[in-house]
Number of protein chains: 2
Amino acid sequence: MNKADLVDAVAAELKTSRADAARAVETILEAIQRGLKTDAKVAIAGFGTFVRRERKARKGINPVTKQPIQIAATTTCGFRPSPQLRDVL
Amino acid sequence: MNKADLVDAVAAELKTSRADAARAVETILEAIQRGLKTDAKVAIAGFGTFVRRERKARKGINPVTKQPIQIAATTTCGFRPSPQLRDVL
DNA sequence: CGTCCACCAAATCCGCCTTGTTCATCTGGG
DNA sequence: CCCAGATGAACAAGGCGGATTTGGTGGACG
């Protein structure tokens with residue numbers, strides 16, 4: 001499923017234009033991004049929780065050369081689906 | 001950040017009523033749920049990708065009694081943030 | 001206000017994560 | 001509607017990160 005498909009579904013459901021639906025999708029995603037950046041956690045009841053996560057440096061292997069490499073610490077984010085979402089899947 | 005906060009941010013950004021923003025959020029989340037259920041993957045460019053994931057049965061520990069327990073196989077979903085989202089965080 | 005949901009603890013093992021190229025697909029503006 | 005530019009998926013192997021379990025409670029949601 002693409003962003004275009006998502007926008008289509010939203011437009012159909014809300015009975016709005018595709019442009020409005022696209023704007024809504026964009027805005028919500030940006031809001032989540034900002035929330036993650038500022039609060040480090042975005043909990044959406046009945047759906048799941050986005051969590052900003054600091055990953056320490058660790059050792060890994062370059063799958064191409066198969067040589068040990070050092071992976072620098074990064075900041076990523078995880079997602080914990082709510083039980084409700086799990087039941088759907 | 002709560003769903004209420006998210007709705008507030010969206011309403012402010014789109015200059016719509018809180019009720020409309022709430023409907024938009026709900027609708028989009030439901031659309032993502034359906035997409036995950038039917039297509040097993042929802043790719044949103046510049047944000048990330050939701051992936052339905054099958055998890056095998058394994059052994060765990062009851063945190064209360066600290067006794068080993070058997071965990072049945074479940075279906076859950078993961079989220080891979082796009083490089084763009086990672087850069088923001 | 002009543003109900004429902006997320007969080008928290010400790011311990012374990014599953015599977016995600018890394019690199020880098022190629023290719024398919026998607027995107028968004030003209 | 002279409003094309004050029006761009007984005008991400010796939011693939012390899014292996015180590016270690018983190019997702020997961022129960023049950024109560026505080027807080028959120030409608």
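How far is a phosphate oxygen of DNA strand D from an N or O atom in the side chain of Arg53(A)? The separation is 2.7 Å. This is a predicted model.

**Surface near DNA strand D**

- There are 27 residues around DNA strand D, and those that come nearest are Arg53(A), Ile61(A), Thr49(B), Arg58(B) and Ile61(B).
- By class, the residues of this surface are 10 nonpolar, six polar and 11 charged.
- In chain A, strand 2 (48-55) and strand 3 (58-61) each supply at least two residues of the surface.
- In chain B, at least two residues each come from helix 1 (3-14), strand 2 (48-55), strand 3 (58-61), strand 4 (68-71) and strand 5 (74-81).
- Sugar or phosphate accounts for 75% of the atoms of DNA strand D within 4 Å of the protein, and bases account for the rest.

**Phosphate contacts**

- Thr49(B) has a side-chain N or O atom 3.0 Å from a phosphate oxygen of DNA strand D.
- For Glu26(B), a polar side-chain atom is 3.5 Å from a phosphate oxygen of DNA strand D.

**Sheet in chain B**

- Three strands of chain B form an open sheet in the order 1-2-5, with antiparallel pairing.
- Strand 1 (41-44) and strand 5 of chain B are at the edges; each has a single partner strand, so one side of each has no neighbour in the sheet.
- From one strand to the next, the twist averages 20°.
- Strand 2 and strand 5 of chain B run antiparallel and are joined by eight bridges.
- Val51(B) is opposite Gly78(B), a residue of strand 5 of chain B.
- Helix 2 (residues 18-39) of chain B lies across strands 1, 2 and 5 of chain B, and runs at about 130° to strand 1 of chain B.

- Most residues other than glycine have a negative phi.
- Ala40(A) sits in the loop between helix 2 (18-39) and strand 1 (41-44) of chain A.
- The relative accessible area of Ala40(A) is 22%, so Ala40(A) is partly exposed.
- In chain B, Ala40(B) belongs to the loop between helix 2 and strand 1.
- Ala40(B) counts as partly exposed because its relative accessibility is 22%.

How values were computed. Residues are numbered from 1 along each chain as its sequence is written. Chains are lettered from A and ligands numbered from 1 in the order in which they are written. This is a predicted model: local features need pLDDT of at least 70, side-chain atom pairs count only at pLDDT 80 or more; totals for chains, interfaces and linings use all residues. Side-chain values use heavy atoms; hydrogens and water are left out. A residue is near a molecule or strand if one of its heavy atoms lies within 4 Å of it. A polar contact is a pair of N or O atoms within 3.5 Å; within protein, one must be able to donate a hydrogen and the other to accept it, and residues adjacent in sequence count only if both atoms are side-chain atoms. Helices (H or I, at least four residues) and strands (E, at least two) are DSSP runs, numbered from the N terminus. Ala, Val, Leu, Ile, Met, Phe, Trp, Tyr, Cys and Pro count as nonpolar, Asp, Glu, Lys and Arg as charged, and the others, Gly among them, as polar. Two strands pair if DSSP finds at least two bridges between them. Axes are lines fitted to C-alpha atoms, for helices over the stretch in contact, and angles run from 0 to 180 degrees between N-to-C directions. Contact means heavy atoms within 4.5 Å. Buried means under 20% relative accessible area, exposed over 50%, partly exposed in between (1.4 Å probe, protein chains only).
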